[in-house]
Amino acid sequence: MESQVLLIHGGRVVDPSRGFDGPADVLIEGGRIVRVGPHLTASMAERFDATGLIVAPGFIDLHCHLREPGNEPAETIESGAQAAARGGFTAVCCMPNTQPVNDNASVTRFILDRAAAGAIVRVWPIGAASKGSKGEGLSEIAAMKDAGIVAVTDDGKPIASAKLLRNVMEYARSLDLPVIEHSEDASLFAGGVMREGPTSVRLGLRGIPAAAESICVARDVQIAAMTGARLHVAHMSARESLEQVRWAKQRGLPVTCEVTPHHFTLIDEDVTYDSRFKMNPPLASRQDREALLEGLVDGSVDVIATDHAPHTQASKEVEFDRAPFGITGFETAIGLTLEALLHSGRAKLSRIVELFTSAPARVLGTQRALAEGETADVTIFSTDHPWTFHAAESASKSRNTPFDGRKFRGGPMATIVAGKIVWRRKS
């Protein structure tokens, strides 16, 4: 239910889409932004005091796993949406590797119906590129677009062959859908559990070379050039992959990429036998992390996405080799980003906001702005508020995070969707 009138006053509005950064109030009515400006007033309005806080367009997470249908013990659309709201996200794009796979309009509609019934943030499904994500033939992409998908991918694995990727890209281009690619050479990846290097040797764990990612990115970029399709490289972790993306951008190709907070804050040296440090792509080298941070600042990296990947405690509390890949990520994303980019002095606040708002919107072919007439999705966050993340208190059903107990300076303070405050920090 939409709030009738909401006045956010006293905050610093940062809207990269309009190049605006300064003190302003935001007036919302009927789920839309009515006005942005100084010293606004509105009789009978609900008031939100944003003094000392940042008021930004609603954050979008381009990459998450909500597990429903099929793996509800790990997460549901409802619980995942609650965790997303606590992380400051107003919209999340959920990957299709559910059970059954989201490779047809019926599953897409199921996800959207469940979201309409119980999600407090917007849920935008991404459809499978191939049937069952098995790499054997095209899925029902057009029907899924009509049902509501915003992109296609076989995330969790790459699109299996160059020929199939070409077919997917040509089809997706005709439908104006981006192709999101989990870039990974299966033959080089085979059986690996962490990044290949001195740490994998010391731990006696089978390593995955960085080239397993970058070789596939090179393939994907070449086929994007051949087809003219919009390619988005998911959860990029290797500096050689970033060089491939830079090459594509320099030639004007419609290629974008994302990185996750765990890949620009942790490295392979942090890995122990604790499966909370096991994710795919695996944590990379110190040099890779530095390259990703540089890319976030200079614009080579387009988006920060969480790759929120919940797993049950039982599935994670096994030997490292046997545990599934993935960690949760919604609730720590802003805090980690502020730590790595703002408080380090690497990036300006406007660039950080862009990475979560107008940039992911552009990947999807839409826009995100705090402007008159726009949908009133708003993220309010602090750059200084001290808080500690406790996994046991997370809204997610899963606890698989390496950031349990981490202290942060700055984080989400309130999440507003269609003019309604769906979450607000209490302390």
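Biologist: Let's start with strand 5: which residue there is the bridge partner of Arg 12?

Modeller: Happy to begin there, and bear in mind that this is a predicted model. Strand 1 covers residues 5–15 and strand 5 covers residues 54–57, and two bridges join them in the parallel sense. In strand 5, the bridge partner of Arg 12 is Ile 54.

Biologist: And in strand 17, which residue is the bridge partner of Ala 56?

Modeller: Strand 5 also pairs with strand 17, residues 378–388, this time antiparallel and over four bridges. Within strand 17, Ala 56 has as its bridge partner Thr 379.

Biologist: Nice. Moving on to helix 1, how many of its ten residues are buried?

Modeller: Helix 1 spans residues 77–86 and is mostly covered. The buried residues are Ile 77, Ser 79, Gly 80, Ala 81, Ala 83, Ala 84 and Ala 85. Their cover includes strand 7, helix 2, strand 8, strand 18 and strand 19. Of the ten residues in helix 1, the number buried is seven.

Biologist: Which residue just after helix 1 takes a positive phi?

Modeller: Helix 1 ends at residue 86. Just after this helix, a positive phi of about 90° is taken by Gly 88.

Biologist: Now the domains: how many Å separate the centres of domain 1 and domain 2?

Modeller: Domain 1 is made of 5–54 + 374–424, and domain 2 of 58–363. Taken over C-alpha atoms, their centres are separated by 25 Å.

Biologist: What area do domain 1 and domain 2 bury between them?

Modeller: The contact takes 40 residues from domain 1 and 48 residues from domain 2. Carbon and sulfur atoms carry 63% of the buried area. In domain 1, the residues that lose the most area to domain 2 are Lys 397, Asn 400 and Phe 403, together 18% of what that side buries. Between them, the two domains bury about 3400 Å².

Biologist: Which residue forms a salt bridge with Asp 377?

Modeller: Two salt bridges are found across the interface of domain 1 and domain 2. For Asp 377, the closest N and O atoms of the salt bridge are 2.6 Å apart. The residue that forms this salt bridge with Asp 377 is Arg 122.

Biologist: Last one: which element gives the largest share of the side of domain 1 that touches domain 2?

Modeller: Between the two domains, 20 residue pairs are in polar contact. On the side of domain 1 that touches domain 2, the elements giving two or more residues are strand 1, strand 17, strand 18 and strand 19. The largest share, nine residues, comes from strand 18.

Methods. Residues are numbered from 1 along each chain as its sequence is written. This is a predicted model: local features need pLDDT of at least 70, side-chain atom pairs count only at pLDDT 80 or more; totals for chains, interfaces and linings use all residues. Side-chain values use heavy atoms; hydrogens and water are left out. Two strands pair if DSSP finds at least two bridges between them. Buried means under 20% relative accessible area, exposed over 50%, partly exposed in between (1.4 Å probe, protein chains only). Contact means heavy atoms within 4.5 Å. Domain bounds come from an automatic or database domain assignment. Buried area is the accessible area (1.4 Å probe) that two parts lose on being put together, summed over both. A salt bridge is a side-chain nitrogen of Lys or Arg within 4 Å of a carboxyl oxygen of Asp or Glu. A polar contact is a pair of N or O atoms within 3.5 Å; within protein, one must be able to donate a hydrogen and the other to accept it, and residues adjacent in sequence count only if both atoms are side-chain atoms.
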